[in-house]
Amino acid sequence: MRLVILEDHAQASEWVAKYIRNRIVQFNPGPSKYFTLGLPSGLPKDHPESYHSFMWNNFFKHIDISSENTHILDGKAANLEAECAAFEEKIKEAGGIELFLGGIGPDGHIAFNEPGSSLVSRTRVKTLAMDTVLANSRFFGGDLSQVPTMALTVGVGTVMDAREVVILITGAHKALALYKAIEEGVSHMWTVSAFQQHPHTVFVCDEDATLELKVKTVKYFQGLMLVHNRLVDPLYSMKDAGAEKGQSKKPYRD
């Protein structure tokens with residue numbers, strides 16, 4: 001497990017973006033080799049607050065990706081259980097999840113796997129906790145009646161099957177969740193804690209999120225930043241590699 005501590009939210013987000021870029025370059029995706037991303041959704045695709053809209057406006061339209069290579073759960077499918085089963089099958093057909101990127105709630109939930117969720121759960125329909133509904137109400141003008149109370153989400157077990165997990169945690173309001181994630185034992189009441197047992201987990205946080213951690217924990221991981229920053233050193237892109245055949249790529253791992 002790695003814990004990468006940056007000064008603020010902007011630096012943490014930039015580090016994650018560079019890290020994922022390097023992983024994609026190293027992975028070298030092609031027509032039959034996929035680097036896959038999936039997210040939960042409980043709203044129509046054209047709703048401005050749906051994950052489909054969010055991902056298109058903030059990510060997909062800014063990168064080189066074909067629409068047929070994006071797979072987001074349809075919260076308005078006629079048969080939600082069948083939609084979830086089909087999503088799991090798509091993951092298998094793509095060769096599994098290479099890297100899962102997620103955030104957490106103040107209660108330590110990952111994706112929409114609320115406190116009490118099974119740590120071996122798969123993609124499914126999930127009832128949202130009131131804390132999550134309240135947190136999401138800001139996207140709906142504070143009107144709780146407009147906030148979905150159920151969602152489709154990948155399960156903890158689905159994420160655990162990913163080859164690598166990157167979790168972004170920022171803000172003092174998530175400090176207790178980060179503490180539960182790395183300094184206490186695994187608990188289904190703090191589902192993010194399951195990733196202590198994943199062989200390749202990277203937690204990325206800002207300084208505010210470390211407020212509940214022991215000083216020696218923070219000092220230890222801060223002492224590794226020279227190593228961690230090597231993970232985001234520039235790599236040649238796939239296009240650059242073709243133009244610079246005489247130069248070798250830098251390794252992304254230490």
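Some bookkeeping before the details. Residues are numbered from 1 along each chain as its sequence is written, and side-chain values use heavy atoms, with hydrogens and water left out. The model being predicted, local features need pLDDT of at least 70 and side-chain atom pairs count only at pLDDT 80 or more, while totals for chains, interfaces and linings use all residues.

Start with the whole chain. There are nine helices and six strands; these are DSSP runs, H or I of at least four residues for helices and E of at least two for strands, numbered from the N terminus. Of the 254 residues, 45% count as buried. Buried means under 20% relative accessible area, exposed over 50%, and partly exposed in between, with a 1.4 Å probe and protein chains only. The chain exposes about 13,200 Å², and carbon and sulfur atoms supply 54% of that; the areas come from the Shrake-Rupley method with a 1.4 Å probe, and for residues only the protein chains shown count as cover.

Now contacts, meaning heavy atoms within 4.5 Å. Among those with a separation of 6 or more, 71% are between residues 24 or more positions apart.

One example is Asn22, in helix H1. Asn22 is buried, at 2% relative accessible area. Leaving out residues up to four places away in sequence, Asn22 touches Leu231, Val232, Asp233 and Leu235. Asn22 and Val232 are 210 residues apart along the chain, and their C-alpha atoms are separated by 6.7 Å.

On cysteines: a search of the whole structure finds zero disulfides, a disulfide being a pair of cysteine sulfur atoms within 2.5 Å. Cys84 is buried at 3% relative accessible area, and Cys205 is buried at 1%.

Next, the aromatics. How many aromatic pairs does the structure hold? It holds two. In the pair Trp15 and Tyr19, the ring centres are 5.2 Å apart and the planes are at 10°, so this pair is stacked. Both Trp15 and Tyr19 are buried. They are four residues apart in H1, residues 9-27, and so separated by about one helical turn. In the pair Tyr220 and Phe221, the centres are 4.9 Å apart with planes at 80°, so that pair is edge-to-face. The rule is that rings of Phe, Tyr and Trp (its six-membered ring) pair if their centres lie within 6.5 Å; planes under 30 degrees apart are stacked, over 60 edge-to-face, and the rest tilted.

Is each member of the Tyr220 and Phe221 pair buried or exposed? Tyr220 is exposed at 52% relative accessibility, whereas Phe221 is buried at 9%.

Thr217, Val218 and Phe221 are its buried residues. The face turned away from the buried side carries the exposed residues Val215, Lys216, Lys219 and Tyr220. Cover for the buried residues includes strand E1 (2-6), helix H6 (175-182) and helix H8 (225-230).

Glu207 is partly exposed, at 40% relative accessibility. Not counting residues up to four places away in sequence, Glu207 touches Ile5, Leu6 and Glu7.
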